[in-house]
Amino acid sequence: MSRTLIQHTLWVIDAGARDFRYKTIPDAVRILNTVFFPNCLGDVGTNFTIDAAIAQQATGTITPGAFDAVVFLVRDVTQSLPVTKLSQTLTPTTVTNSKVLGNTWLGLAGGDLAEVFWDRVYSNQEAANSIFHEAAHLKSGQGDAMHTATVGAPHGGPGLKVLAAQGGGVINPSGDDFDFYMKAITSRITLRTKIP
Ligand SMILES: [Zn+2]
């Protein structure tokens with residue numbers, strides 16, 4: 001049996017974020033493409049090989065591939081897309097705790113939705129971490145359970161860092177973060193193609 005070769009794109013859609021001198025979407029995407037995704041290539045289990053993995057900023061409507069992910073950047077928590085567009089309600093903790101840098105809505109009609117609260121991230125690194133973190137929730141379909149997931153081979157590393165709770169603020173991703181994300185890439189999910 002042959003392996004399925006996967007090209008993964010993490011689409012980053014600006015849904016009202018503001019660039020600052022110290023924090024821009026292109027800079028965050030560049031970190032994803034230099035620090036994160038070069039480490040997300042290779043075999044996953046016996047059936048899949050991640051052949052390519054990149055982050056790409058997008059506007060308008062995207063045409064995602066079967067194994068892609070989409071994260072929306074909203075200006076702040078009050079501009080959450082499911083709240084403003086889809087009649088959903090955030091938990092009080094998400095609204096008030098400034099350490100919550102994003103949220104992923106699982107089980108929404110029309111597809112799950114991952115978003116990052118741009119004004120809450122303080123640097124390009126935090127932005128990249130938060131985008132990666134929410135994309136992992138989206139692709140794995142796991143809520144808080146993801147934060148304490150254990151990841152074995154091949155690294156058997158020090159545990160999740162960026163993908164742990166409040167991992168958006170942690171500087172360095174771990175091998176386990178990459179292993180978890182690579183496995184999550186192999187899941188096919190319904191992807192949103194534009195801002196709702
Ligand atoms: Zn999380």
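Colleague: What makes strand β4 (residues 69-74) largely enclosed by the rest of the structure?

Modeller: Six of the six residues of β4 are buried, so the strand is largely enclosed. Buried means that 20 or more other C-beta atoms, placed from the backbone, lie within 10 Å of the residue's own. Strands here are DSSP runs of E with at least two residues, and helices are runs of H or I with at least four, numbered from the N terminus. This is a predicted model, in which local features need pLDDT of at least 70. Residues are numbered from 1 along each chain as its sequence is written.

Colleague: How do you know that both faces of β4 are covered?

Modeller: In a regular strand the side chains alternate between the two faces of the sheet. Ala69, Val71 and Leu73 lie on one side, Val70, Phe72 and Val74 on the other, and all are buried.

Colleague: What makes strand β1 (residues 4-14) a partner of β4?

Modeller: Two strands pair if DSSP finds at least two bridges between them. Five bridges join β1 to β4, and the two run parallel. Leu73 is the bridge partner of Asp14. With strand β6 (residues 113-117), β4 pairs over four bridges, also in the parallel sense. There, Phe72 stands opposite Glu115.

Colleague: Why are helices α4 and α5 called oblique to each other?

Modeller: The axes of α4 (residues 124-140) and α5 (residues 175-185), lines fitted to C-alpha atoms over the stretch in contact, cross at roughly 45°. Angles under 35 degrees count as roughly parallel, over 145 as roughly antiparallel, 65 to 115 as roughly perpendicular and the rest as oblique. The helices are therefore oblique.

Key. Predicted model: local features only at pLDDT ≥ 70, side-chain atom pairs only at ≥ 80, totals over all residues. Buried ≥ 20, exposed ≤ 12 C-beta atoms within 10 Å, placed from the backbone. Axes fitted to C-alpha atoms, helices over the stretch in contact; angles between N-to-C directions.
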